[in-house]
Amino acid sequence: MDHDPIAYEIKAFADVPAANCSPQPIVDGTEYFVVCPACSGRFEIQHVNGTYRVGIFGRRVTTPPAPIPVLCECGLSHPGRPADETVHGCGAAWRLTQ
């Protein structure tokens, strides 16, 4: 798929299974290779596992899997994107479900 330089628009899309995003282990988390459902832009996101130390002896506590929010960060040109917008994408939002 090639990138579609659609006009910038804030829009929510359906959840996507994280398993469909080529998950790769990284230190303390997972990297996902995502494709924007609106503009077909491709980019990577990193999600850090919810494991942390608690108490004086460092007992590990893990949080249960939760959906990972994603905003299009294709970094490509989209007409109408506000100049002060810090996320460089088309405005699409969705979640990766685990």
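**View 1. Overall fold of the predicted model.** The secondary structure consists of 9 strands and 0 helices, so that the sequence reads β-β-β-β-β-β-β-β-β. The protein has 98 residues, of which 27% are buried. Of the contacts between residues at least 6 apart in sequence, 55% connect residues at least 24 apart.

**View 2. The open sheet formed by S3, S4 and S5.** Three strands make up this open sheet, in the order S3-S4-S5 and with antiparallel pairing. S3 and strand S5 (42-48) are the edge strands, each pairing on one side only. From one strand to the next, the twist averages 35°. Strands of a sheet may pair in parallel or antiparallel fashion, in either case through backbone hydrogen bonds.

**View 3. Pairing of S3 with S4.** Strand S4 spans residues 29-35 and is joined to S3 by 3 bridges, the two strands running antiparallel. Within this pairing, Pro25 lies opposite Thr30 of S4.

**View 4. Pro25 in strand S3.** Pro25 belongs to strand S3, which covers residues 24-26. Its relative accessibility is 71%, and Pro25 therefore counts as exposed, the cut-off for this class being over 50%. Gln46 is 21 residues from Pro25 along the chain, and the C-alpha atoms of the two residues are separated by 9.5 Å.

Terms used: Residues are numbered from 1 along each chain as its sequence is written. This is a predicted model: local features need pLDDT of at least 70, side-chain atom pairs count only at pLDDT 80 or more; totals for chains, interfaces and linings use all residues. Side-chain values use heavy atoms; hydrogens and water are left out. Helices (H or I, at least four residues) and strands (E, at least two) are DSSP runs, numbered from the N terminus. Buried means under 20% relative accessible area, exposed over 50%, partly exposed in between (1.4 Å probe, protein chains only). Contact means heavy atoms within 4.5 Å. Two strands pair if DSSP finds at least two bridges between them. Axes are lines fitted to C-alpha atoms, for helices over the stretch in contact, and angles run from 0 to 180 degrees between N-to-C directions.
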